Amino acid sequence: MGTTAPSTDGPATAGPSVARFDPFAGPPHLHGAQRVGVRPGTELIHPLAATGARPLRFEVTGLPDGLHVDAEGIVRGRAPAEAGTHRLEVSVANAEGRAHDVVELVVGEALCLTPPLGWNSWNVYGAEVSAEVIVRTAEAMVATGLRDLGYQYVNIDDHWHAPRRARDGAPLAHPERFPDGIEPVARRVHQLGLKLGIYSDAAHLTCGRCFGGLGHEQVDARAYAAWGVDLLKYDYCFAPSSGDEARARYGAMGDALRATDRSIVLSVCEWGFRRPWRWAPEVGGALWRTTPDIFDTFSWSPFGVRHIARRNLRLADHAGPGRWNDPDMLLVGNRGRGASTGVLRLPNQLPAPLRGRRIWRFRGLSDHQVHSHVTLWAMMAAPLLASHDLAASSELDLALLTNPEVLAIDQDPLGAQARKVRAPLGLWQLAKPLRDGGVAISVTNLTRMRRRATVRIDRVAGAGHGPVPTSGRWHVRDAWEMRSLGERRQVEVDLAGHGSTLVVCRPA
Ligand code: GAL
């Protein structure tokens, strides 16, 4: 990647040029969601995500009764019983300076007013998820600084279950992998200022053939709430194809979750087959998968990053605060080693486009491909859920996950999903309007060849989302490199094969 590279052997031949932000050094900065949703009267755990040299001192004004901020900057307590918006003035200081920001606490039924940031066990651990894995991951989320940049959810996927439910129908966790159940895991995750997700399925069995939630919605929702669960990913294996039936099954679980005294996010996972963007918000879904599972490949095959991005991009109209298209987890750090993303075994009976090959092995994404993957997901306001061993993250993995300017694009409170505005010569040009009147623009080279192009900012910024008032001149910042490119009308890009660039433009 690189902007303006005059020489023929310039940066486009090297790896992606991405600044590495140190969350534990320098003056303080505030990150993460600027709008936070919580249901009336329910528990709130919200870290005021802040980076900088420690110790950091937090001050917050405008907190409603029942909530306080602890020494680590985590807002804790019970949300007001009345719906309404509270404006929290947040300030954080260290020996090198002070930063201010405003966080809007929106008490009401809408959760995830910005896309959820976090981690999910599936791609890396598959059926081997355990209490130890979850606690280790939560601790790594803090140690790597991810929490301080706004990551919060630690989600247990399939296979947490005991072989069967208790006699009274209550859900039980696997006796060896979760020896003390889910509750102490939730407690530890909450102590760290993080949130715990769990997984079930709108049928009698989950995809991994553990017990599903159908007919047990109330007992399950009550148990999840008692354990301290904050998010439920609800899958759709072994369920009928009808859209009406799916809507009814997700509705039953949505109602059961809302009948508890917790704010539990419902994440709909029926792979986009029944157009969930049309009905999921009405049944309480805050995010919905738009495609089948992602695998560790950049290819155009139905499970490759490019294909998934292309499908998800068409759904831009449906995204907004509290309602997100979910193009599946991030493959940062998997690199072909993920338990569920490295090998794909297809059944004998295949639809026509896939016939002929049953076992696919993926070596994982190249550095440029993984950089493009994160760029596209941030532009699409996608949930960013890593799914690798966080403690084993490489420097590039961390640079890709902890870039505050890229995260701010994903988390922008306007909640607009980028649109594909132009695609000349295999260069996808995407534009995402931001709340402050700026526009994020990304260019992704879908070809294997190095490509140069000149992007006229007005032409991309205005298209698709209506005209942007501008004199034609823009302050331009390279988000990945975290540096200003000065005032310009256009940006020259020089992209390696499968590489991307990402700039934020604000009217000059
Ligand atoms: C799939 C789902 C995956 C994972 C898996 C677990 O249906 O799309 O993300 O949850 O089930 O078995």
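**Close-up 1. Asp-494 in strand S26 of the predicted model.** Asp-494 is buried, with a relative accessible area of 1%; buried means under 20% relative accessible area, exposed over 50% and partly exposed in between, computed with a 1.4 Å probe on protein chains only. The residue is found in strand S26 (residues 490–495). Strands (E, at least two residues) and helices (H or I, at least four) are DSSP runs, numbered from the N terminus. The side chains of Asp-494 and Arg-450 are joined by a polar contact of 2.5 Å. A polar contact is a pair of N or O atoms within 3.5 Å; within protein, one must be able to donate a hydrogen and the other to accept it, and residues adjacent in sequence count only if both atoms are side-chain atoms. The model is predicted: local features need pLDDT of at least 70, side-chain atom pairs count only at pLDDT 80 or more, and totals for chains, interfaces and linings use all residues. Residues are numbered from 1 along each chain as its sequence is written, and side-chain values use heavy atoms, with hydrogens and water left out.

**Close-up 2. Surroundings of Arg-473.** Arg-473 lies in the loop between helix H11 (457–462) and strand S24 (474–478), and is partly exposed at a relative accessible area of 30%. Its side chain makes a polar contact of 2.9 Å with that of Glu-487. Leaving aside neighbours within four places in sequence, Arg-473 is in contact (heavy atoms within 4.5 Å) with Glu-487, Arg-488, Arg-489, Pro-507 and Ala-508. Arg-314, 159 residues away in sequence, is 29 Å from Arg-473, C-alpha to C-alpha.

Close-up 3. An N or O atom in the side chain of Asp-158 is 2.8 Å from an oxygen atom of the ligand. For Trp-271, a polar side-chain atom lies 3.1 Å from a ligand oxygen atom, and for Arg-289 a polar side-chain atom also lies 3.1 Å from an oxygen atom of the ligand. Taken alone, the ligand exposes 310 Å², and the protein buries 95% of that area. Accessible areas come from the Shrake-Rupley method with a 1.4 Å probe; for residues, only the protein chains shown count as cover.

**Close-up 4. Helix H4 and its cover.** Helix H4 spans residues 217–227, where Glu-217, Asp-220, Ala-221, Ala-223, Tyr-224, Ala-225 and Trp-227 are buried. The cover of these buried residues includes helix H3 (183–191), strand S12 (195–201), strand S13 (231–235) and helix H5 (243–258). Just after H4, Gly-228 adopts a positive phi of about 100°.

**Close-up 5. The disulfide between Cys-207 and Cys-237.** The count comes to 1 disulfide, defined as a pair of cysteine sulfur atoms within 2.5 Å. The sulfur atoms of Cys-207 and Cys-237 are 2.1 Å apart in this disulfide. The torsion about the S-S bond is about 95°, so the disulfide is right-handed. The pair links distant parts of the chain, 30 residues apart: Cys-207 is in the loop between S12 and H4, and Cys-237 in the loop between S13 and H5. Cys-207 is partly exposed, at 31% relative accessibility. Cys-112 is in no disulfide, and the nearest cysteine sulfur, that of Cys-269, is 15 Å away. Cys-112 is buried at a relative accessible area of 9%.

**Close-up 6. Val-305 in helix H7.** Val-305 is placed in helix H7 (residues 305–313) and is buried, its relative accessible area being 0%. Not counting residues up to four places away in sequence, Val-305 touches Ile-294, Thr-297, Phe-298, Ser-299, Leu-331, Leu-365, His-373 and Trp-377.

**Close-up 7. Backbone features in two loops.** In the loop between strand S16 (324–326) and strand S17 (343–345), Asp-328 has a positive phi of about 85° although it is not a glycine. Asp-328 is buried, with a relative accessible area of 4%. Arg-335 is in the loop between S16 and S17, and has a positive phi near 45°. A cis peptide bond, with omega about 0°, joins Arg-54 and Pro-55; Pro-55 lies in the loop between strand S4 (50–51) and strand S5 (57–61).
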